[in-house]
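The following exercises concern a single protein structure.

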Amino acid sequence: MKDYFNFMEHDLYLDNEKFSCNIKNTNFHGSYGRVFVNENKTKAIKVFYKKQDDLTSKRDIHVKRTFESEIEAYQIAYKNDVTKEYIPNFFGQVAISKIFNKNEEDVSTEYYTSYSYMMEYVNGKFRKLGRSDFSNKKELLDSFKSLGIYNLIDSSIIEENGLIIKVIDFSMKDIQYFV
């Protein structure tokens, strides 16, 4: 069994622009996706990856539904004047053809390359929303929930001066694994 968190770096190219992912930086990977950032740190691409110890059709369905729920949530939040201020600029789904490791070997089979989207890169130290208590947390949650975006508890946030200023990694609803 391969340890999927042991990779040092992976790169991808989109429209001749290089995006890199350093797995050791915890801001760049999560339960479903890895984040690739361009060299001038203005754009980020989240690509959903395959867990080598769970290559089942249930996992495939779960990842697909999670991806679809995230895309829908970002599209809705980005169109709303209130929630748009809390999220990175959202550029939508992108088509990834190949992902390479540091030895320039194709590792695309370790990813769901069709489940990827691009957004503005946000620099900062992220922490989980569910573990935070800020004066604007209720307002933020209410704003998203009024749009039908209910899965925010595991989202990551950046705060500044005691206020939440950016939110990432949210979806319309929590997708249960055993469906």
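**Exercise 1: Asn136 and its surroundings**

Asn136 touches Tyr86, Leu163 and Ile164, where residues up to four places away in sequence are not counted and contact means heavy atoms within 4.5 Å. The model is predicted: local features need pLDDT of at least 70, side-chain atom pairs count only at pLDDT 80 or more, and totals for chains, interfaces and linings use all residues. Residues are numbered from 1 along each chain as its sequence is written, and side-chain values use heavy atoms, with hydrogens and water left out.

Task: State where Asn136 is found and whether Asn136 is buried or exposed.

Solution. 
Step 1. Asn136 lies in the loop between β8 and α3; helices (H or I, at least four residues) and strands (E, at least two) are DSSP runs, numbered from the N terminus.
Step 2. The relative accessible area of Asn136 is 8%. Buried means under 20% relative accessible area, exposed over 50%, and partly exposed in between (1.4 Å probe, protein chains only).
Step 3. Asn136 is therefore buried.

**Exercise 2: One face of a helix**

Task: Determine which residues of helix α3 are buried and which elements they pack against.

Solution. 
Step 1. Helix α3 covers residues 137-145, and its buried residues are Lys137, Leu140, Leu141, Ser143 and Phe144.
Step 2. Viewed down the axis of α3, these buried residues fall within an arc of 160°, so they line one face of the helix. The arc is that of the directions from the helix axis to the C-beta atoms.
Step 3. The buried residues of α3 pack against α1 (57-79), α2 (81-84) and β10 (163-168).

**Exercise 3: An open sheet**

Task: Give the order of the 3 strands in the open sheet and explain why one side of each edge strand is left without a neighbour.

Solution. 
Step 1. The order is β8-β9-β10, with antiparallel pairing; two strands pair if DSSP finds at least two bridges between them.
Step 2. β8 (127-128) and β10 stand at the edges, each with a single partner strand, so one side of each has no neighbour in the sheet.
Step 3. Strand β9 (residues 156-160) is joined to β10 by 5 bridges. Ile158 stands opposite Lys166 in β10.
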